Amino acid sequence: MKVVVCIKQVPDTKGGVSFNPDGTLNRAAMLAIMNPDDKAGLEAALRLKDQYGAEVTVLTMGLPKAADVLREALAMGADKAVLVTDRVLGGADTWATSTTIAGALRNLEYDLIITGRQAIDGDTAQVGPQIAEHLGLPVISYAQDVKIEGDKVIVQRLYDDRYHVLEAKMPCLITALAELNDPRYMTPGGIFDAVNAEITTWGRADLKDVEDGNLGLNGSPTKIARASDKVRKGAGEKVVPDSPDEAVAYVIGKLDEKHVI
């Protein structure tokens with residue numbers, strides 16, 4: 001079995017974010033981590049490797065420094081790593097990103113593709129299903145449990161108050177929730193091997209069946225009107241009522257003032 005896991009290097013939002021003049025994230029200026037949903041997807045693939053001897057390949061699109069998350073994945077137990085990087089791919093929205101990744105995946109053999117549900121820097125949950133659409137694959141999203149039976153993948157798909165059990169014949173794509181599992185740590189031996197591991201690097205010329213007009217910022221139909229860091233809230237108004245009745249009257253008055261009621 002061959003499993004490809006699409007991972008993404010994302011800004012560590014605890015340290016704040018920085019923007020370029022065109023409204024895109026200035027990724028080079030921020031600390032970066034592996035996207036949490038993607039890491040859960042990687043752990044799911046590594047468990048398939050433990051159980052069935054699956055070969056796990058990790059693939060990412062990004063700046064050259066995105067190789068750091070690939071080496072982290074290798075240190076966790078992945079077998080191969082592919083970095084897709086090229087200046088013409090910069091500034092891509094979800095459509096251009098999924099087009100690029102699909103073009104790279106056409107170079108690989110796979111039975112199962114795993115992506116995270118969504119990235120913490122965009123929160124769109126669009127790229128995984130779009131990749132499946134580009135490749136003509138069935139997709140099961142919001143996976144909270146994954147099993148393999150023969151040539152089928154069986155997934156518990158999470159809803160707000162329940163889950164559905166869905167089956168799909170491989171090859172197919174699933175998107176993983178961070179709640180899917182607890183990802184393992186890198187091992188000392190894995191870290192040592194990952195430092196010297198070879199990472200395959202592809203550029204625009206290596207993408208299959210992709211038109212230039214669908215790549216990068218120029219190929220992105222989504223345009224950013226405005227972008228900013230999180231706006232910090234003030235301390236607010238503090239009120240100490242003399243009685244519960246007074247507190248209720250105050251709250252109702254404020255709701256009425258704001259036309260909530």
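Alanine 143 stands opposite alanine 176 in β10. Strand β7 (residues 139–149) and strand β10 (residues 172–176) run parallel and are joined by 3 bridges. Strands here are DSSP runs (E, at least two residues), as helices are (H or I, at least four), numbered from the N terminus. Two strands count as paired if DSSP finds at least two bridges between them. The model is predicted: local features need pLDDT of at least 70, side-chain atom pairs count only at pLDDT 80 or more, and totals for chains, interfaces and linings use all residues. Residues are numbered from 1 along each chain as its sequence is written, and side-chain values use heavy atoms, leaving out hydrogens and water.

An open sheet is formed by 9 strands, with mixed pairing. The order is β9-β8-β7-β10-β6-β1-β4-β5-β11. Strands β9 (163–169) and β11 are the edges, each pairing on one side only.

Helix α6 covers residues 244–257. Histidine 259 follows α6 and has a positive phi, near 65°.

Valine 239 lies in the loop between β11 (200–202) and α6. Valine 239 is partly exposed, because its relative accessible area is 38%, between the cut-offs for buried (under 20%) and exposed (over 50%; 1.4 Å probe, protein chains only).

Note on methods. The expected span of a helix is 1.5 Å times one less than its number of residues.
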